[in-house]
Amino acid sequence: MQLLRTFLMRLATTAVTLAGVAIIVFFVIRVVPGNPIAMMLPPGATEADVARLTALYGLDKSIPSQFLIWVQGVLGGDFGTSITTRQPVLDLVLGRLPATLELSIMALVIAVILGGAAALIGTRGRGTRREGAIDVANGMALSVPDFLWGLILILLFGVLWPVFHISGRVTPSLELPFTTGFYLFESLARLRFDLWLDIVSHMLLPALALCIPLAAIIGQLLKQSLKETMHLDYVTLSRTKGYGENHVILREALPNAVLPTLTLVGVQFTFLIGGTVIIERLFSYEGLGNLAIDAVINRDLPLIQGIVLLFAAIFTGVNLLVDLTYAALNPRLRHG
Amino acid sequence: MVDLTDGRGRVRRRAGVRLWLSGLWLGLLVVVALLAPWIAPKDPLAQDLFLGRLPPFWVAGSEPGYWLGTDSLGRDVLSRIMHGARIALLVALIAGTVTGLLGATLGLLAGFLRGWVDVVISRMIDIWMAFPPVLFSILLIAVLGPGLTSIIIAIVVIDWTRFARVIRAEAMAQGAMDYVASSRVAGRGRLGTMVEEILPNVLPTIVVLLTLEMGIAVIVEAILSFVNLSISTDDPTWGGMIAEGRSAIHQSWWVLVFPLATLFLTVLSFSQLGEGLKDRFDPVLR
């Protein structure tokens with residue numbers, strides 16, 4: 001009952017947030033100077049041509065009535081037509097979404113592995129130089145944002161020791177007519193391991209750049225929770241039972257230490273997704289973020305609206321999911 | 001075996017070194033930025049196509065006077081970095097301060113006054129957090145038009161939530177304490193209590209956040225220059241240099257490496273300074 005009420009409350013605030021985002025974006029981008037219609041017509045176009053096309057995109061109406069038309073469309077699944085490519089916004093956005101999702105999830109997985117390993121190694125070597133080294137590395141990783149890590153990785157593994165690809169998503173000569181946008185999964189499903197390796201070697205550096213700050217946060221927080229848990233009586237008890245250090249850390253302390261990290265990872269994951277915008281640009285990776293920057297540069301109003309709304313939906317969706325997971329896992333909230 | 005966590009002296013010493021090193025680098029940067037027109041070896045805008053893509057001084061084929069080489073248009077990399085420091089620090093200082101003022105004020109109001117003020121500000125924070133920040137900043141620059149003022153406005157508009165969120169929580173915690181109640185009992189008004197009792201107690205946090213924000217502002221400026229939306233493309237900015245270096249990375253690595261290293265050290269210094277100050281202010285560690 002309590003859980004249901006929490007769920008409905010959160011659903012309502014999520015809806016309010018999304019509506020707020022939609023309103024802000026819609027009005028902000030309509031202040032943009034420069035007529036996008038005039039930009040898409042050839043230089044010889046007449047005034048009448050511009051007016052006709054402006055009317056076609058509904059840009060001749062007042063801004064509030066444009067907003068109403070747009071909202072009606074969105075609620076019916078129609079996000080309008082891109083001005084530059086003349087394709088439906090929804091198709092364009094959904095076409096790019098898989099690339100960004102694959103990249104974000106890959107980064108998340110690497111972050112959990114790296115951060116988890118750092119926390120475990122640091123806990124295993126409590127009070128030694130090893131823990132000190134991990135703390136320093138964590139601090140460095142946290143201080144510098146993904147954009148700079150991306151550039152450093154490009155220098156290291158794209159130029160100095162060129163082992164990975166630094167631009168694109170797949171080598172063009174290898175590109176198959178993929179039926180889904182999920183290249184990584186599809187190449188595996190088709191048992192094309194050469195293709196899979198090629199895609200991974202394109203994705204690895206951007207994914208690493210995205211995951212380094214998150215990995216550091218996971219490492220820091222999990223290590224701290226582990227450390228606190230290691231002092232609890234039940235852990236001491238299991239030690240007196242004769243279990244080894246590895247068993248104590250992994251089996252006894254970890255399950256109890258992991259919850260705070262889990263909630264934080266959820267929130268931080270949205271920051272990671274936000275980071276894809278510039279990282280995709282940096283690595284010329286054909287995802288949503290790259291599309292978004294092009295849309296802004298080309299003043300493609302319907303496309304900008306669609307992308308920002310999708311990003312906001314992903315952000316709030318992830319946060320909603322985290323809150324609900326937390327509520328479901330936390331017995332105090334569960335029984336109200 | 002060196003215990004880094006329990007030995008209090010050890011933690012303090014490390015924090016001290018951190019503070020000094022980052023302070024030293026930032027101080028150097030400020031001096032360079034202030035004196036750039038006089039100490040930069042070349043004109044940062046002067047192009048010379050005959051001197052394009054010169055390597056740095058220790059590599060064969062370099063020209064004397066161009067210490068860190070030149071870019072594809074023959075502009076001196078070192079001089080451009082020095083002049084770029086002016087823009088980076090200006091943005092850090094102004095954008096950081098204004099963001100801090102706005103965000104901290106809203107956070108204080110929300111956390112201390114509660115009620116409908118808190119509802120409105122918190123809901124705004126929620127909406128802001130649902131925007132991807134990089135995309136938001138690019139969008140704002142597209143609206144405002146390129147230029148230094150636009151960058152500063154964009155940073156303020158996007159990042160005030162960083163301050164507001166933290167200061168709201170702190171003000172809420174402080175507001176529940178006895179000294180606040182006794183200040184009210186002693187006859188001080190709500191706003192008076194907020195400014196005279198709560199503000200001094202959250203000030204250390206504001207200073208820490210401000211330092212961190214300056215590092216973020218430098219990065220945002222670099223990112224916007226990188227996507228070519230910062231100031232005019234001629235003006236030397238670190239981000240603009242990095243963008244050029246990225247595109248010519250196989251021909252002239254130095255065009256990317258030197259501005260990147262400068263940016264890296266600067267961002268690292270701001271963040272280490274912030275963390276160091278946080279430890280300093282932390283009563284538990286002190």
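**Figure 1. Overview of the two chains in the predicted model.** The model scores ipTM 0.87 and pTM 0.87. Chain A has 14 helices and zero strands. Chain B has nine helices and zero strands. The C-alpha atoms of chain A fill a box of roughly 85 × 55 × 40 Å along the principal axes. For chain B, the corresponding box is roughly 75 × 55 × 35 Å.

**Figure 2. Burial and contact range in chain A.** Chain A has 336 residues, and 39% of them count as buried. Take the contacts in chain A with a separation of 6 or more: residues 24 or more positions apart account for 74% of these. From the N terminus on, the elements are α-α-α-α-α-α-α-α-α-α-α-α-α-α.

**Figure 3. Burial and contact range in chain B.** Of the 286 residues of chain B, 49% count as buried. Among contacts between residues at least 6 apart in sequence, 70% join residues at least 24 apart. Read from the N terminus, the elements run α-α-α-α-α-α-α-α-α.

Figure 4. Chain B averages a pLDDT of 86, and 91% of the residues score at least 70. Where pLDDT is low, the predicted coordinates should not be read in detail.

**Figure 5. The side of chain A that touches chain B.** Here 39 residues of chain A are in contact with 35 residues of chain B. Six helices of chain A each supply at least two residues of this side: α1 (2–29), α6 (129–143), α7 (146–160), α11 (245–282), α12 (288–297) and α13 (301–329). The largest share, eight residues, comes from α1(A). By class, this side of chain A has 26 nonpolar, nine polar and four charged residues.

**Figure 6. The largest nonpolar core and I307(A).** The largest nonpolar core has 160 residues. I307(A), V308(A), V218(B) and I223(B) touch the most other members. Beyond its neighbours within four places in sequence, I307(A) is in contact with V93(A), L288(A), L291(A), A292(A) and A295(A). In soluble globular proteins, nonpolar side chains tend to be buried together.

**Figure 7. Helices α8 and α9 of chain B.** The axes of α8 (residues 238–247) and α9 (residues 254–281) of chain B come within 8 Å. They cross at roughly 145°. The crossing of α8(B) and α9(B) is left-handed. From α8(B), the contact takes in W238(B), M241(B), I242(B), E244(B), G245(B) and R246(B).

**Figure 8. G77(A) in the loop between α4 and α5 of chain A.** This loop lies between α4 (63–75) and α5 (89–124) of chain A. G77(A) has 8 other C-beta atoms within 10 Å, so G77(A) is exposed; the cut-off for exposed is 12 or fewer. G77(A) and L90(A) are 13 residues apart in sequence. Their C-alpha atoms are 8.1 Å apart in space.

**Figure 9. S284(A), a residue with positive phi.** S284(A) is found in the loop between α11 and α12 of chain A. Its phi is about 45°, although S284(A) is not a glycine. S284(A) is partly exposed because 15 other C-beta atoms lie within 10 Å. That count falls between the cut-offs of 12 or fewer for exposed and 20 or more for buried.

**Figure 10. R114(B), a residue with positive phi.** R114(B) is found in the loop between α2 (77–113) and α3 (115–129) of chain B. R114(B) is not a glycine, yet phi is positive at about 55°. With 14 C-beta neighbours inside 10 Å, R114(B) therefore counts as partly exposed.

Methods: Residues numbered from 1 in each chain as written. Chains lettered and ligands numbered in written order. Predicted model: local features only at pLDDT ≥ 70, side-chain atom pairs only at ≥ 80, totals over all residues. Contact = placed C-beta atoms within 7 Å. Helix = DSSP H or I, 4+ residues; strand = E, 2+ residues; numbered from the N terminus. Nonpolar A, V, L, I, M, F, W, Y, C, P; charged D, E, K, R; others polar. pLDDT = per-residue confidence, 0-100. Core = buried A, V, L, I, M, F, W, Y, C linked by C-beta atoms within 7 Å. Axes fitted to C-alpha atoms, helices over the stretch in contact; angles between N-to-C directions. Left-handed = near helix turned anticlockwise from the far one by under 90°.
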